[in-house]
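Dear colleague,

Please look it over before you read the notes that come after it.

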Amino acid sequence: MSIDMSQFYQVFFEESAEHLASMESLLLALDLDAPDPDQLNAIFRAAHSIKGGSGTFGFNDMTEVTHILETLLDGIRKNEITIIADMVDAFLQAGDVLRDLLEGHQNGTIADPAASLEIRARLEQLTAEGSPGQKSGQAIAAIAGSAAPGATTKAPQPSAQHRYQIKFAKSPAIFPKKTDLSNLLDELSNIGKIENQKVAAKSVTLSLTSYASEAELRETFSFFLEPEQLTITSLGNSIPGSNAGSKDDAGYGFFVEPEAIKSEAEEAQGYGFFVEPEAIKSEAENAQGYGFFVEPEVVKSGVEDAQGYGFFVDVESKAKPLAPAAVQPEEPHRRAADKAPPAAAETSIRVSVEKVDQMINLVGELVITQSMLAEIASHLDPVLHENLISGLVLLERNTRELQESVMSVRMMPINFVFSRFPRLVRDLAGKLDKKVQLKMVGEGTELDKGLIEKISDPLTHLVRNSLDHGIEMPDERIAKGKDPQGTITLRAAHQGGNIVIQVVDDGAGLNRERILAKAHEKGIPVGDNMSDADVWQMIFAPGFSTAAVITDVSGRGVGMDVVKRNIEGLGGRVEIASKSGEGSTITIRLPLTLAILDGLSIAVGDQIYIVPLSFIIESLQPKAEDIKEISGQGQVIHVRGEYLPVIALHKVFGITPRVANPAEGILVLLEAEGKKVALFVDDLVGQHQVVIKSLETNYRKVVGVSGATIMGDGRVAMIMDVGALVKFAQA
Amino acid sequence: MQANEGQAADGNSRELLTFTLGNEEYGIDILKVQEIRGYDAVTTIANSPDFIKGVINLRGIIVPIVDMRIKFKLGNITYNELTVVIILNVANRVVGIVVDGVSDVIALTAEQLKPAPEFSSSLDMQYIMGLGTVDERMIIVMDIEKLMISRDMDLVEMAAA
């Protein structure tokens, strides 16, 4: 019977983290004036699930915090307590405390108990304040009664050990096998320390020192024994009538302290609800009957009703069926479940990223092999090999679909990054006394998981910057005739093979004069006739900050250069558009994935190179008269009113070309880092989707080359680093 | 050969793959050798030293190819269907080297391995572990791993020192 629970810990940690995240996002989305019952239910369920899980795994510190949290939430969702902004703050704080506790358990360290005590006290106070002012009713009285006394006794000693004297009956009917008894004792020793164990013919007595509450002990026994065959006496703090209390205990509220239960029971009895002890007992059996074998996962899932009345039954929900007015309609439950993202988890599995990457690599190989076969088949006589060729066509389609679906496994909605910002903006705006609303557009846009992880820090930096430097103080905004509440918009969208992420604010915009002055001060060469785009790019220089005051939020001038470097490291670009007084837009362009790239293959001499399609504006066959020589500067080409420098790829890479005159070859117009160049190549070969391979695995970095790929014929082709080429043109 | 192989297992001797570069015969630790294959379909790397011929696709892995004949100025530098590439697995990297020919696998005991005298060689002394004699042949035993990750070969990204 002794199950090693630690094997499920990881699942619990992950799920709880998800619940905390969803709770936080729901809390932030909550409209305080007219709270949506569905949302309140979803928040309640998240707290409830964490409580359930932590109770199952014996993380009592978490259970205690969530219990109070849940009590208050339950009052709110039943309209017994009116939600106020203070509560949302307290809930968010509780979420943080829980996250710390969770991390503590995960890393095997103990989180600071002071924080958890503090938040519990705060929640209890809010519960106490919130409830009495409301319309009086039996259920309310029960809640107030249950939460308050439990709170006062629990607060000073959050997880003190209890001593119990346990006596239970022993007979062949109860323990048919010898091992059954030893299993039970094993389980008890997992919970706490067993002393003075006496096994008599018909009964067993022992004393147990444990962190577990009496209810949890009963839970352990209930696998083996009927409640009446068991007597648990608490020695730690002698409570008159604790036996009676514990009898109720199993019935409602596994995680409620005996005191709470007792007072609840008294209240209830006072109103004539639980008059018959037998009735209570049967309640208990029922609850156990359908709650017991429910796995944590199932509890967590959308089966809210079973959850509500099943295993983790607590005082409030137990009282509910007896007070018909409080019964929740069925339908909102279901809708709420649809809304809450974690509810979908039951249809997903957790797979390590390594396994997915391995699959992606293998599919990449498959694609190469397939194109190799296609290449060979193209030389065969189509009449003689009709079947083979049609088979290969089928293979091509299947491999492409397989590749797409494998790639999509790695794709995640950008909401994973965006979801942290409501909290960040809220906290930061509060700290800076600014009024800011955050709008998010296109949270569902998907991109590679690897990119998601790497984009979050730069994006956080940009949002903080916008809030700190961009958005003005409310009175300043009013003076300018703007809405006192500033708006930051996070926008994500697919654009070709790229994902475009924008951070837009309607703040003051970048200050051209201030940037130029600062640049001058720093000794960066500036001219008054620089274009805006060039001026804005200067804020990416290391150590560049125009913030008048250095705050703990930003202004130290470390960051924008790092942001730019990080994003360029991912093969992306950062662009700034800003208008004084109207705000700024920072645009990040990233490839959808790091593993595959759309490229144009070009030929120079006997070599094939891949140019990432995202950098290409157009390709053209130049007319001889459009190409002009500039003495000592090389050639330029005149395209639609612009003069662009011509870079001969064969010169850059030291290859013998087939054509030396640009007028006989092809010019590929490229744009990178805000500059345009014309790349002179021998010929265009075709457009491919290529699997990016690192050169650095077995070799080293090569200037002008960002990676390599394997072509259909099995040869290696280099992928050009367009950014480096453009820099080369400037040098 | 049988006796030699038996000896190899006891740890006193080491098994070496020998190859020729011009008139010289070199030996490298066979455990560093992944496979031997022909030379074809090499993609050149722009602006790399002349002895780095480029990279090949070895079952999906991009492997750089070094021509030892160019590096050590030995042998006839021709590429045909008989040109041999030894694929090495050194320092967690896969690298191919072009040699004139692969001759043998030999076992060399510690006694057979003599320290190399100071002599003028195109190969820096620090990469020579010693000289071995087998059947009247002299084999230069090379520390291939040390050589491959050295600054001389320029194969590995050097920390900015």
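This is a predicted model: local features need pLDDT of at least 70, side-chain atom pairs count only at pLDDT 80 or more; totals for chains, interfaces and linings use all residues.

Residues are numbered from 1 along each chain as its sequence is written, chains are lettered from A and ligands numbered from 1 in the order in which they are written, and side-chain values use heavy atoms, with hydrogens and water left out.

To begin with chain A, its secondary structure comes to 26 helices and 22 strands (DSSP runs numbered from the N terminus, H or I of at least four residues for helices and E of at least two for strands). Of its 731 residues, 48% count as buried (under 20% relative accessible area, with exposed meaning over 50% and partly exposed in between, for a 1.4 Å probe and protein chains only). The accessible surface of chain A is about 34,800 Å², and carbon and sulfur atoms account for 54% of that surface (Shrake-Rupley method, 1.4 Å probe; for residues, only the protein chains shown count as cover).

Chain B has three helices and 11 strands, which run α-β-β-β-β-β-α-β-β-β-β-β-β-α from the N terminus on. Of the 161 residues in chain B, 47% count as buried, and the chain exposes about 7,900 Å², with 49% supplied by carbon and sulfur atoms.

As for the interface, 22 residues from chain A and 26 residues from chain B take part in the contact (heavy atoms within 4.5 Å). The area buried between the two chains is about 1,900 Å², of which 52% comes from carbon and sulfur atoms (the accessible area, with a 1.4 Å probe, that two parts lose on being put together, summed over both). On the side of chain A, Asn698(A), Tyr699(A) and Arg700(A) lose the most area to chain B, and together they make up 37% of what that side buries. Between chain A and chain B the count is zero salt bridges (a side-chain nitrogen of Lys or Arg within 4 Å of a carboxyl oxygen of Asp or Glu). By class, the side of chain A that touches chain B has 10 nonpolar, six polar and six charged residues (Ala, Val, Leu, Ile, Met, Phe, Trp, Tyr, Cys and Pro count as nonpolar, Asp, Glu, Lys and Arg as charged, and the others, Gly among them, as polar).

Over all chains the salt-bridge count comes to 25. In one of these, the side chains of Asp506(A) and Arg477(A) meet at 3.0 Å, N to O, and the pair links distant parts of the chain, 29 residues apart, with Arg477(A) in helix H21 and Asp506(A) in the loop between strand E9 and helix H22. Arg477(A) is buried at 0% relative accessibility, whereas Asp506(A) is partly exposed at 24%. Another salt bridge joins Arg640(A) and Glu618(A) at 2.4 Å, N to O; Arg640(A) is exposed, with a relative accessible area of 66%, and Glu618(A) is partly exposed at 23%.

Lastly, Thr709(A) sits in strand E21 of chain A and is buried, with a relative accessible area of 0%. Among the residues it touches, leaving aside those up to four places away in sequence, are Ile610(A), Val690(A) and Ile719(A).

Best regards
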